[in-house]
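Thanks for coming. I will go through one model, first overall and then residue by residue. Please have a look at it before I start.

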Amino acid sequence: DGVAYCWGMDSWGELGDGLVHQSCPWPGSPSTTVDCSLSPVPVTSLDNVLRLVTGEGRAHVLRSGGETWGWGNNEYGELGDGTVTQRNTPVSLSVTSDVIAISSETSHTCAVRTDGTLWCWGANDDGKLGDGTYADRTTAAQVVGLTDVVSVSTGLWNTCAFRSDGALFCWGLNVLGQLG
């Protein structure tokens, strides 16, 4: 039906419904509790959802028409709404149209647009945003020198993208050989 549902921890508003839920024990510490939902709850005010991706304490959706929305933890601007404000309900992102793919990891998010350009935002330690800097971004910055992108995958310290010709490109930290 195009409605997104989330469940589990809600410490940063990552369920996207703006409500307070029951208290659940924090894993590994029975004396500490967190807000959570043990059953699926609908994300507030979103329909026509095609894809939902999650990162650490947040979520993003891709809607029909290529719109992107996000909510939850936003410590490094990884929601892409131009702020570092935590969001308990969905907000429209800086890449707001013509998106065909989205990926989100611990502290950054990337989106592929219909024109084959790749845009990333959030934490930029190790250059994982691909914009030629190490500056964190609260709005989308285009990845430098890469066109004809069809898919993207974000990792903890890096990003990889496939082009339409099958070529794979990766950038960011490479201490474990993760760039190939």
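One definition before the rest: by relative accessible area, a residue is buried under 20%, exposed over 50%, and partly exposed in between, using a 1.4 Å probe and protein chains only. This is a predicted model, in which local features need pLDDT of at least 70 and side-chain atom pairs count only at pLDDT 80 or more, while totals for chains, interfaces and linings use all residues. Residues are numbered from 1 along each chain as its sequence is written, and side-chain values use heavy atoms, with hydrogens and water left out.

Now the overall picture. The protein has 14 strands and 0 helices. Those elements are DSSP runs numbered from the N terminus, where a helix is H or I with at least four residues and a strand is E with at least two. Of the 180 residues, 44% count as buried.

How does the radius of gyration fit a compact globule? For 180 residues such a globule would have a value near 16 Å, and the protein has 16 Å, so the two agree. The radius is taken over C-alpha atoms, and the rule is 2.2 Å times the number of residues to the power 0.38. Along the principal axes, the C-alpha atoms fill a box of roughly 50 × 40 × 25 Å.

The accessible surface comes to about 8400 Å², and carbon and sulfur atoms account for 52% of that. The areas are Shrake-Rupley values with a 1.4 Å probe, and for residues only the protein chains shown count as cover.

Next, contacts, meaning heavy atoms within 4.5 Å. Among contacts between residues at least 6 apart in sequence, 44% join residues at least 24 apart.

Ser45 is not a glycine, yet its phi is positive, about 60°. Ser45 counts as exposed because its relative accessible area is 69%. Asn48 is in the loop between β3 and β4 too, and has a positive phi of about 55° although it is not a glycine. At 41% relative accessibility, Asn48 is partly exposed.

The loop between β8 (99-104) and β9 (108-113) holds Ser107. Is Ser107 buried or exposed? Its relative accessibility is 8%, so Ser107 counts as buried. Leaving out residues up to four places away in sequence, Ser107 touches Arg58, Tyr76, Glu78, Gly122, Ala123, Asp125 and Lys128.

Glu105 is also found between β8 and β9, and is partly exposed at 25%. Beyond its neighbours within four places, the contacts of Glu105 include Gly55, Glu56 and Arg58. Val53 is 52 residues from Glu105 in sequence, and their C-alpha atoms are 8.8 Å apart. The side chains of Glu105 and Thr106 make a polar contact of 2.7 Å. A polar contact is a pair of N or O atoms within 3.5 Å; within protein, one must be able to donate a hydrogen and the other to accept it, and residues adjacent in sequence count only if both atoms are side-chain atoms.

Last, His21, in the loop between β1 (5-9) and β2 (22-26). His21 counts as buried, because its relative accessibility is 18%. Which side chain does His21 join in a polar contact of 3.0 Å? That of Asp17. Not counting residues up to four places away, His21 touches several others, among them Asp35, Cys36 and Ser37.
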